[in-house]
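Subject: Structure handover

Hello,

Here is the structure I said I would pass on. My notes on what was found in it follow below.

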Amino acid sequence: MRKPISGVVAAALGLSLATLALGTAVPASAAPAPTPAPTSAPAAKVTKAAYAGSAEEAAANKAFFEAVLKSVAEKRAANPRSAAAVTVIYNASRAPSFSAEIARSTSIWNSSVTNVKLQAGTAAAADFTYREGNSSQGSYASTDGHGSGYIFIDFAQSRQYNPTRITAHETGHVLGLPDHYSGPCSELMSGGGPGTSCTNANPNAAERSRVNQLWANGLAAAMR
C-alpha cells in the first residue's frame, strides 16, 4: 500500500499527496524497505487530504490476502490432523511500539469472526508479520506473493489517526477485505476517509460476514 488509512500529506516533511493514505497494500518488490525510527522521533505536522484509491492498490490488497491464504493452506495440507479452526499466525517482534494496538486489533478480529483466528507466534512460523518505522508511504500491507507478507505501521500516521484503527484496518487486508474510503466511520475499511476524529476499530456486520465467507470458501478452494 502506498498510502495509509486516509489520504494524508506530511506537510512538514514536504511529502506529496500521492504518498500517503492508510490501508493500501503494495507488492514487496515495489515498496522500498522503510527505515525504522525510534518511538521518540519528533512528531510530524500533517494535514488530511482526499484519497480515492486505485485499481493497482486494490489488486495488491487482494494479492496480500491470497498469499496469507496460501500459506495457511500449505500448513494445513502438511498437517491434516490440525485443529478444525483456521489459524493465521503473526509475529509482532519488529513492531514493539505498537504491541498494545496489535493485541487489541487481534482481540477485536478474533471476537468478530468465527471461521478464522489470529494467533501470535514465532517469526519462522508466521504467515505475516508487523513492522514499524517512518515511511513516505504511510501504513500499508505488503507481500511478495509467496506467503512472505508484513503490515507496516507508520509513526507519523499513528500520531494523527487512531493507531488501533490503523492496525485493525491493515489486518483487515490480511483477512481479505479491500479499502472503501468513501464509507462511514462505522466501516473499518473506510480507513481515513471519515477523518482523524474517527476512532472506530471494529468491523461492521457486513465486514465480519465477508471475512467469514472468504475463509470458509477461500480456504476450501486453496486446499484442493
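Glu66 has a relative accessibility of 38%, which means that the residue counts as partly exposed. Glu66 takes part in a salt bridge with Lys62, and the closest N and O atoms of the two are 2.3 Å apart. Both residues belong to helix 1, which covers residues 55-78. They are four residues apart there, about one turn of the helix. Please keep in mind that the model is a predicted one.

How many salt bridges does a search of the whole structure find? The search finds three, so here are the other two, taken one at a time.

Lys75 and Asp127 form one of them, with a distance of 2.9 Å from N to O. This pair links distant parts of the chain, since its members are 52 residues apart. Lys75 is in helix 1, whereas Asp127 is in the loop between strand 5 (117-120) and strand 6 (128-133). Is each partner buried or exposed, or something in between? Lys75 has 36% relative accessibility and therefore counts as partly exposed. Asp127 has 0%, so it counts as buried.

Glu101 and Arg104 form another salt bridge, at 3.6 Å from N to O. These two residues lie in helix 2 (residues 99-112) and are three residues apart, so about one helical turn separates them. Glu101, at 13% relative accessibility, counts as buried because the cut-off for that word is under 20%. Arg104, at 41%, counts as partly exposed.

Next, strand 6. Five of its six residues are buried, so the strand is largely enclosed by the rest of the structure. Which strands are joined to strand 6? Strand 4 (residues 87-94) runs parallel to strand 6 and is joined to it by three bridges. Strand 8 (residues 149-154) also runs parallel to strand 6, and six bridges join these two. Arg94 has Arg131 as its bridge partner in strand 6, and Arg131 in turn has Phe152 as its bridge partner in strand 8.

Helix 4 (residues 163-174) contains Thr167. The relative accessible area of Thr167 is 0%, so this residue is buried. What is Thr167 in contact with, leaving aside neighbours within four places in sequence? The residues are Glu101, Ile102, Ser105, Tyr130 and Ile153. Glu101 has come up already, as the salt-bridge partner of Arg104.

Last, the nonpolar core. The largest one has 34 residues, and those with the most contacts inside it are Val88, Trp109, Phe128 and Trp215. The elements giving two or more residues to this core are helix 1, helix 2, helix 4, helix 5 (205-222), strand 4, strand 6 and strand 8. Helix 1 supplies the largest share, five residues.

Apart from neighbours within four places in sequence, Trp215 is in contact with Phe65, Val68, Leu69, Val72, Val86, Val88, Asn115, Val116, Val174 and Leu175. Val88 is also named among the core residues with the most contacts.

Regards

Definitions and conventions
Residues are numbered from 1 along each chain as its sequence is written. This is a predicted model: local features need pLDDT of at least 70, side-chain atom pairs count only at pLDDT 80 or more; totals for chains, interfaces and linings use all residues. Side-chain values use heavy atoms; hydrogens and water are left out. A salt bridge is a side-chain nitrogen of Lys or Arg within 4 Å of a carboxyl oxygen of Asp or Glu. Buried means under 20% relative accessible area, exposed over 50%, partly exposed in between (1.4 Å probe, protein chains only). Two strands pair if DSSP finds at least two bridges between them. Contact means heavy atoms within 4.5 Å. A nonpolar core is a set of buried Ala, Val, Leu, Ile, Met, Phe, Trp, Tyr and Cys residues joined through side-chain atoms within 4.5 Å.
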